Every structure is written in C-alpha cells, then in structure tokens.
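Please look over the sequence and the model shown here before reading on. The explanation is meant to be followed with both in view.

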Amino acid sequence: MRILNFLTSSIPLGHALFTRLTPSSPSLSLLRRFTSTMAAEDNLRQALSAKLSEVESSGNQVRALKQSGAAKPELDAAIEALNALKLEKATIEKDLQATISGGDGGGSVNKEALRQAVVNTLERRLFYIPSFKIYGGVAGLYDYGPPGCAVKSNVLGFWRQHFVLEENMLEVDCPCVTPEVVLKASGHVDKFTDLMVKDEVSGTCYRADHLLKDYCKDKLEKDLRITSEMAMELKEVLSKLDVLSAEELGQCIKKYGITAPDTKNPLSDPYPFNLMFQTSIGPSGVSTGYMRPETAQGIFVNFRDLYYYNGNKLPFAAAQIGQAFRNEISPRQGLLRVREFTLAEIEHFVDPEDKSHPKFSDVAHLEFLMFPRDEQKPGQSARVISLREAVSSKDSKVVDNETLGYFIGRVYLFLTSLGIDENRLRFRQHLANEMAHYAQDCWDAEIETSYGWIECVGIADRSAYDLKAHSEKSRVDLEAQEKYSEPREVEKLVISPVKKAIGLAFKGDQKKVLEALEAMKEEEALKMKTDLASKGEVEFYVCTLGKTVTVNSSMVTISKEKKKEHQRVFTPSVIEPSFGIGRIIYCLYEHSYYMRPSKDGNEQFNVFRFPPLVAPIKCTVFPLVQKQEYEEVSKVISKSLTASGISHKIDITGTSIGKRYARTDELGVPFAITVDSTSSVTIRERDSKDQIRVDVSEAASVVKDIAEGVRTWADVWSTFPHHSSGSADE
C-alpha cells in the first residue's frame, strides 16, 4: 500500500471542544490542549510499550529466582518490584484510555449509552420503527410514525420557507423512475459504486471500507498495547479511507487479517457494486430505468424550460424535495444510512464569470466552526472563522466565491434554527482528492453525534459539468445568454473538419472523430494548428473511441476570425446545496435529547427539547381533574387552537398531571395548557417548567404567538402572572 501522507479528523471529537472560542473562553484552553492530544497519545503508547517490556523482564527475573531457589528476601524484593511495575503499567493504561476517549475515561461507553437511550425512546414513542417489522424487517428501510412524520413535515416546511420562499426559488417535482440515458449522461450508471467484499463461504456481502474502518477504530479505541507507530498507521488509513482504490482496500484487508464479522470466513477481493435500483419502464422490459439516486438530475434536464420560465435571466435557483434510493451494501446506523430517503436539493444557476451574490452581506457577519482543507492535519481541528474572512480576505480566503459562501451561511442558519447545537456543527472543506475533477469547491456541513461527525448537507460549486454532460448526450443546448448593450467585436476560434477526408480515413468512426475535433478546447486546438503546420500530422485522442488516431492537415482547418457579437452564449455554473433530511432529523433527535430526575429523585424522565418550530405537537391541553366544566373549557381552547393552525392534543385521562407532563415532555411538546378553573388556565414551558396564568380567551393566541416566533417565552413570562405548582416538577 502506498504511503498515506496526511491525516484528516475522522476520529470523533468530544463536543466540549467545539464551543464558541473567545480569548476569555475556557474552551480555548481545551482546544489548545486538544492540539497536543495526538502527541500525548503517542507518548503514552511508547511509555506503555516500554513498561510492558520492563514487566516482562521483571517477570522473567522472578521466575528465574524461583527456579534457582533464591533466598526469600531476594525473591520478595523481586516480586515487590514486579508489582510496582504492574501498577505503573495500569496507570499508563488508564491515562491512555482517558486520552483516547477524550478525557472522560468512558467516552465510547457514554456515546453508546446515549445512542441506545435515544433510539429506544424514538422507537417506543413511534417516531420511527423498522419497516415490515412483523416480517422481521428489512435492513435500511424505516417507517416514520405520527410524531416522526410531524417533525419531518415541520423540517421540510421550514426548509421551503427558509430557502424556496425567501430566495424566490422555482420548485419542481420530478419522477423517481429515471430513464437509463439520463443517468448514463450524469455518470451514475458507470461510476455510482461502492466497493464490496463477499464472505467466500456464505456469500454474505459487506462494504469493504466499513470493515476496514471498524477494524481501525476498534484497534485504536480498545487495544492499548498497539505501538505508537501502528496507531499512527491506522489513523492514516482512516484519514484516507474514502479515496482508497479497490487494490489498496484489498491490501489493507489482507495485511490486517480482516475476516467476515459474523463467520470469520475469508473475504473476496473488493469489487465495485452499483448502488442504483434497476427497473424496466413499460411491460416489454426493453426500456431500462433506475430509481433515482438523487433528485438533481430532474432539475438539470429541465434547465431550458426553467430558464425560459424565469424570463431568460440568471442567476436563478430551482429546488426539489423528494425520495431518493440507494441499494446500500450493508446499511447500518439507523436513519443515517438507509436505502430510501428524502433529499432536499437546490441547483443555483449562475454566470461562471460572476459568482458574486447580492445578499452575501446578510450572512457575512456569521462566525462558526470551519475546517479548511489545508488545516486538516494531525493535531488540528475546526476553528471559528467569520464568513466574511473565509470568502473575502486576501490572506485567509478559503471559500471560492460569494455565492458558495452565501449558501454556507444560509445552511448554518437553517440548521441552528432547527435546534442543531452550533458547537457540534462544522463546515469541512473537501480535500483535493475528494473532489470531482470538475468541481470548483465543496464543503460539507457535518454534525457531531454518538456515531462521530456525520455529513448532512453538501454545498458544492459543480461548475458547468452537469449541464454540459446532458447537453452533449441529448444534443440539446442547455445554455444561457448575456445580451450586450452594443455589439462587440470578438476573436473566435473556428474549427472546420473536412468531412470527405475524415470519412475516407476513418470510415465507420467518422462521426466520433468529427465530434471530438469540434469539441476541442481552444488551447488544444491551437496546439494542433501549430503541430499540423510544422509536422503535417498529429496524434489525436478520441475519448469516445478510447484510442489515439492520426489527423493530418487535409482533415481539418483551424483559424481565428473576428466577428461582431450581440450576445454572449455560455453554459451556467451551478452551486448545489444538497440536504439529507433523515440525517438532519436524527442529529436533531440526539442534540435535543436529555434526561432529568423526578422531584423525589427516584426516576429519570426523557425529554426532547425541540424548538416550537419543529416540535411534532405544539401544545397539550390538560383538565387538571376530571370535571365536566374543565373538559368543556378544554374543548373551547382546542377549537381555538385548531382555528389558529396549532397542532395540539387533549389528554383527559385520570393520570396525575405530573405524569401527563412527563409523557408529553418525552414527545418534545414545548407547551402545556392546564385547565384548573373556568376563567383562567396555566401555560407551562417544557424545559424550565415555569408556568404563567392567562385568561381562557387568550390561551390559544399566546401559544400561537410563541410557537410561530412572534413572541418568546421570556416575553410572555414578563407579561403574565406567574403560577407556582408542585405538579410541574413531578
């Protein structure tokens, strides 16, 4: 395996390290301390290795003394020295484990416990469950229950408001079934693959990079006795995991002796597996199609009509929300890696010569964690950077252009408004070997969870690749025009293939040679002109033939001519923010979850601190006790809430009010209206458990104002009388 030259921060970092950093912030010292963590780990592994050698040597000495019948005082002294060395070894092991775990000595256990608590609560309260559960389920497929559907609907509703409405985007809805020719042009048919290995005995399939990742992380986190050199090697492998070739992955799997997890059988060499679900369109089976792996292609193929709809003006953005499908090799991690999922994608079309954005100043002041590619090195982590500095600074510019920077800022505001912890959200720039050859710049919004850093939004400047690919395949121009106020004289390159000469020379390949000549870029064409003038013939590679042909001066003329132009015709670039809605929602669940003790301290209650914006139910209505007059008041309030468009739930069970509060806190309901009289009611806020008293006639409007962001809880707390009740703390 070739040497892996650099590290990225693939190892999950404690979220305490990612708090807002100011000169006076205690987190600054934490960050400084983190920069030496890898060095500390390396030193501890070296110390442990040396101490193990000392223990072994001391143990050999004790055994030798026993065999030789040494005097008791001498033997006792040797045993005492051995025990002291073992204590020192145990101390080093404890320190090393604490360093690996981020300082708490049990980070992996705590993350696992958090994840299990969250997932158990989500499934028990029917946020989501495995699909087809009564038949044993299918890996990578999940059903959203009532509260999960409500959260998803609220997230998508806010996405539409935040992006489609505020940015005047054109929303489309395209079919999930896509003809093969479309995905052939986009490259998905040939290149949308993951590397797979098979259990050579049972035939069970595994994703090769996942097996290698699990092995490396397991060794780093649990095997304290590996050398510091081995630890560094495993970290290098993790950092380069996404760009390893099939051959390199296979070499690693063999080198480390990785076998099938379930059977320990040997594994096949890695080979590519296309992730698209294939189908046929129509009963004949002649027309091949695929379930779309992304929604973007539907926007690209409709560019011409959308451009016309927009008055033939740039820039403009098109958006689409819809299902996408990927036949994952071995889905895991719950909602984070599934076979059917919801994407929300934006394609912002812009003039490649002008990627400024008129609203960039609206987000330029934002400061948040960014991880530029040049800083993704050992011991370094994300740091707080202002968007203005990232986009505009001459010395520290890291974002390619204003439009890309604008969408990074808008994505940050979207995620934090949903309830994602800003201290566990970072924007990581793609390394050079992660980006496609045509991409200008790419950033991922990554959110830290118990699984580590999870990519949830990709924001990429894809240049003009997509439109050019579909234009070439369909032979339909997908271009824009810039009309000049006055005609301009320009020098144009003219490539004129001689069809007769090319036909005689290449016969059946004539068409492909002609197309390749006409598609030459200016630099290549001018070089050909020079070579033809000096040599009379040149070697010319025709990609559609997959070979080099000889072109002579009788087959093509290349010249520059001056022409007057009234407009500039060009293929727009596209800036693409792509949102994995299921991933965002799962991260929101983890970031919103906490436990709090009951009043007597004997129980722990689950709570989701969803903002009202995304809460599945905005409020509950509880008659304090089962009285007819209280139930009538509850119905009146319910009718007012319904008329105001506020989701709510009435609970008239005889259960204690404290237990009813706990049940709705577990669903993340932010407010509870308790009816304890016929003239006024209390409104309880979920996280503080504070209560105010309002007139029955005002209850619905107060909740509506807070739920829709017109007022805050602090506003109403300062406006209405406070209510104290022991039941709120139960």
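The paragraphs below go from the whole protein to its sheet, its helices and some single residues.

This is a predicted model, in which local features need pLDDT of at least 70 and side-chain atom pairs count only at pLDDT 80 or more, while totals for chains, interfaces and linings use all residues. Residues are numbered from 1 along each chain as its sequence is written, and side-chain values use heavy atoms, with hydrogens and water left out.

The secondary structure of the protein comprises 23 helices and 29 strands. Here helices (H or I, at least four residues) and strands (E, at least two) are DSSP runs, numbered from the N terminus. Along the principal axes, the C-alpha atoms fill a box of roughly 95 × 95 × 60 Å. Of the 730 residues, 49% are buried; buried means under 20% relative accessible area, exposed means over 50%, and partly exposed lies in between (1.4 Å probe, protein chains only). A contact means heavy atoms within 4.5 Å. Among the contacts with a separation of 6 or more, 68% are between residues 24 or more positions apart.

Consider next an open sheet of 9 strands. Its order is S3-S10-S11-S21-S16-S15-S14-S12-S13, and its pairing is mixed. Strand S3 (170-171) and strand S13 (383-386) stand at the edges with a single partner strand each, so one side of each is left without a neighbour in the sheet. Two strands pair if DSSP finds at least two bridges between them. Strand S16 (residues 452-461) and strand S21 (residues 573-580), for example, pair in the antiparallel sense over 5 bridges, and Pro577 in S21 is the bridge partner of Ile459. In a regular strand the side chains alternate between the two faces of the sheet.

Helix H14 (residues 402-418) lies across several of these strands, namely strand S11 (340-350), strand S12 (367-371), strand S14 (425-429), S15, S16 and S21. The helix runs at about 145° to S16. Axes are lines fitted to C-alpha atoms, for helices over the stretch in contact, and angles run from 0 to 180 degrees between N-to-C directions. H14 also packs with helix H5 (residues 146-165), at an angle of about 145° and with the axes 11 Å apart. In this contact, Val155, Phe158, Trp159, His162 and Phe163 of H5 meet Arg410, Val411, Leu413, Phe414, Ser417 and Leu418 of H14. By class there are 8 nonpolar, 2 polar and 1 charged residues. For this count, Ala, Val, Leu, Ile, Met, Phe, Trp, Tyr, Cys and Pro are nonpolar, Asp, Glu, Lys and Arg are charged, and the others, Gly among them, are polar.

Two residues show how single side chains are placed. Where does Thr449 lie? Thr449 belongs to strand S15 (residues 441-449). Thr449 counts as buried because its relative accessibility is 3%. A polar atom of its side chain lies 3.0 Å from the backbone nitrogen of Tyr451. Leaving aside residues up to four places away in sequence, Thr449 touches Ile454, Cys587 and Glu590. Gln376 is placed in the loop between S12 and S13, and this residue is buried because its relative accessible area is 2%. The side chains of Gln376 and Arg428 are joined by a polar contact of 3.1 Å, that is, a pair of N or O atoms within 3.5 Å; within protein, one must be able to donate a hydrogen and the other to accept it, and residues adjacent in sequence count only if both atoms are side-chain atoms. The side chain of Gln376 also reaches the backbone oxygen of Gln429, at 2.9 Å.

Tyr594 has Val607 in S23 as its bridge partner. The two strands, S22 and S23, form a hairpin with 6 residues between them, and Gly601 in the turn has a positive phi of about 80°.

Finally, helix H20 (residues 628-643) and helix H22 (residues 696-707) pack at an angle of about 35°, their axes being 9 Å apart. Val633, Ile637, Ser640 and Leu641 of H20 make this contact with Val696, Ala699, Ala700 and Val703 of H22. The contact has 7 nonpolar, 1 polar and no charged residues.
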